[in-house]
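Open the model in your viewer and keep the selection panel at hand. The tour goes from one selection to the next and says what is found at each stop.

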Amino acid sequence: MFELLGISPQALTSQLLIGLINGSFYALLSLGLAVIFGLLNVINFTHGALYMLGAMFTWIGLTQLGSWIGMPELEVPYLLALVLVPLIVGVMSIVIEKTMLKRLYHLDHLYGLLLTFGLALVIEGLFRHWFGALGNSYPVPDMFRGGMRVAELFIPWYRLWVVGVALLLCFATWYFIERTKLGSLLRAGTENPRLLQALGVNVPLIITLTYGAGCALAAFAGVLAAPIYQVTATMGSELIIVVFAVVVIGGMGSIAGSIITGLSLGVIEGLTKVFYPQASSVSIFVIMIIVLLLKPAGLFGKVR
Amino acid sequence: MKKSLLAQMIGAAFMMSAGAASAQFTDDSVRIGVLTDMSGIYSAVEGPGALLAAQMAVEDFGGKVLGKEIIITSADTQSKADLSGSQAREMIDRDKVDVLMGNVSTSSALAAMEVADQRKKIAFVTGAASLPITNERCNPYTVHYVYDTYALAHGTASAVVAGGKKSWFFVTADYAFGHTLQRDASSVVNANGGKVLGSVAHPIKTTDFASYLAQAQSSGAEVIALANAGGDTIGSVKQAAELGIMGSKQTVVPLLMFTSDIRALGLRETQGMNFTVGWYWDFSDANRDFSKRFMTRFKNVAPTSVQAGVYSATMNYLKAVQATKTDDSDKVMAYLKATPIDDGLFKGVIRADGKFEHDMYLLQVKSPKESKNRNDIATVARVLPAAEGSLPLADSKCYLVTGKKPS
């Protein structure tokens, strides 16, 4: 059978692994979108820009920050960035929510979408102006250099780390929302915010924090992406379209759905790159069309 | 009534004589339109640096040609063909531009060239690479100034094969430019006794190259050649380093790369890599002098080959205008094609098909230790003689050469 496909089983395994790595980026990003849409009803188009900010801040921390503040030796190491950058971006997005997004909740979805889309363009434009269109290269951290051989292919430790940590974070987020007390409050807030507020829960605070956390997830993915991809101002907008397709396929607002579809679409896309590479950029959208025709609410979505 | 008729006739006579004296120049000035990607993916290759280069050329020329003012306008194509076409039209029709400079991606260059051809205006293509610009799609008003895919393929591929690396695998951008480059490079590889083991085509603007690079890796080819450009090349080189291909027995060879790309990637992951350019800032004293002046006005970034090309093209266009005493495209173009160029930066001739034939340079990227500063990124490994980097006119499909105008 493998002869028929023109690929050895080992090569196929490693290609599947590569697909899984991309899938974990899709999963992390679409998870953030799903959380925000599920609880806030906001289609957060700034997500790609925040992912870019995650990568950009990581690079700035390593190479630029020191000379800016007059301490040229200062370098923010990778692991520290992995903790700090999502926090910074989370706080930034809370400011966005408090000052802008909050005013739009009583209006149609479309207004939130337009606001976040506009913000994304502004952020992207500023960073392109400041740091150029070609972007910059962030080295793979020394502790993750090297890798292992699977058949004739080389899988870097860093990519394995990305898959591991992304899966862990996805599971943790799902567990938090679906299985803990606080998570149940979040879900109750989406069902009936007024009733929840009457019970003494500070619903606006929950909403703000959720938005911040969802955006921090995007920044986290950005930090993970920095050593793999060139850090450019447009890296987010290139990915976000695919991620939106993933969210639509998984079902808007479904958390488990976005994780599972993110990973499996990464794998499917990876396989297209082997068997029919020319179609790899459209494969996800073809699947989206098919899913929307057969199941308009998405694979895991509930019809509202 | 009679008097006024007489007055009108006298007036008309004056106007005609005045017209005859200045008929050589449309709207009493020479207008240069820098049409380039100011903010998109190729803005670092050409972009604002090209506008500066054109301005420097005009300043060095003295700001005026035969007493007529030289005016520069610019527009941003974002490397999009539709924008490039419409802006070329606006520049020529509304701003009365006499010559277009720039055009950094093939599709936008072809769009602008077509507009310029219809209106009989000269277009200097400095940034775009495809051979068809002066081959299948040539026209009498285009000069392809800095380099083309033929030169890239011959410069890089023949050097690498001569270095003993015979088996090749291509990672190719899936559009006209990528396939042209792959085709040209493959024929060089085959002609020099090498062998192409396979290729994979990826869509333009791909983010993740791991899958393609893995296919290239498992092909066992000694050379993984990248027939792509811009962000795609940067992404593939970066991930090739990450996937451990750099420093293995396989070599990554980018067929189209600019010094600005190397700056963006850093030397750690690109050291030892070969690529071909039409000009390098640190090659000669004249180049260094120009670059030094450029850098003081451009955030200390050395000019790319394309930006130097814009300077040289602007300079030589103005010289041609001065010599022919007109901004009439046909006369200026005839002069340009008849007069060899040697301005210190570029030396060669503009052929009948519009290709500016000059030496090309095979560069080798320095190691981080060898490099003295961010601009000091490569050494010139070999100078490729002009004839070697140009499609022989005997093989040309350009109607200006064959004499068969396409219907």
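This is a predicted model. Begin with strand β9 of chain B and show its side chains. Both faces of β9(B) are covered. On one side are B:Val223, B:Ala225 and B:Ala227, on the other B:Ile224 and B:Leu226, and all of them are buried.

Why is β9(B) largely enclosed by the rest of the structure? Five of its five residues are buried, so the rest of the structure largely encloses the strand. A residue is called buried here when 20 or more other C-beta atoms lie within 10 Å of its own.

Select residues 167-173 of chain B, which form strand β7. β7(B) and β9(B) are parallel and share five bridges. To find one of these bridges, pick B:Trp168, whose partner in β9(B) is B:Val223.

Then select residues 251-254 of chain B, strand β10. β10(B) also runs parallel to β9(B), and four bridges join the two. Stay on B:Val223: B:Thr251 of β10(B) stands opposite B:Val223.

Move on to another sheet in chain B. Which strands form this open sheet, and in what order? There are three, in the order β11-β15-β16, with antiparallel pairing. The edge strands, each pairing on one side only, are β11 (274-277) and β16 (378-384) of chain B. From one strand to the next, the twist averages 30°.

Within this sheet, zoom in on β15 (residues 360-365) and β16 of chain B, which pair in the antiparallel sense over six bridges. One place to look is B:Leu363, whose bridge partner in β16(B) is B:Val380.

Keep the sheet displayed and select residues 149-162 of chain B, helix α5. α5(B) lies across β11, β15 and β16 of chain B, and runs at about 150° to β11(B).

Last, display both chains and go to the contact between them. Chain A gives 32 residues to this contact and chain B gives 34 residues. On the chain A side, α2 (9-40), β2 (153-156), α11 (235-250) and α12 (255-275) each supply at least two residues. The largest share, five residues, comes from α2(A).

Definitions and conventions:
Residues are numbered from 1 along each chain as its sequence is written. Chains are lettered from A and ligands numbered from 1 in the order in which they are written. This is a predicted model: local features need pLDDT of at least 70, side-chain atom pairs count only at pLDDT 80 or more; totals for chains, interfaces and linings use all residues. Two residues are in contact if their C-beta atoms, placed from the backbone, lie within 7 Å. A residue is buried if 20 or more other C-beta atoms lie within 10 Å of its own, exposed if 12 or fewer, and partly exposed in between; C-beta atoms are placed from the backbone. Two strands pair if DSSP finds at least two bridges between them. Axes are lines fitted to C-alpha atoms, for helices over the stretch in contact, and angles run from 0 to 180 degrees between N-to-C directions.
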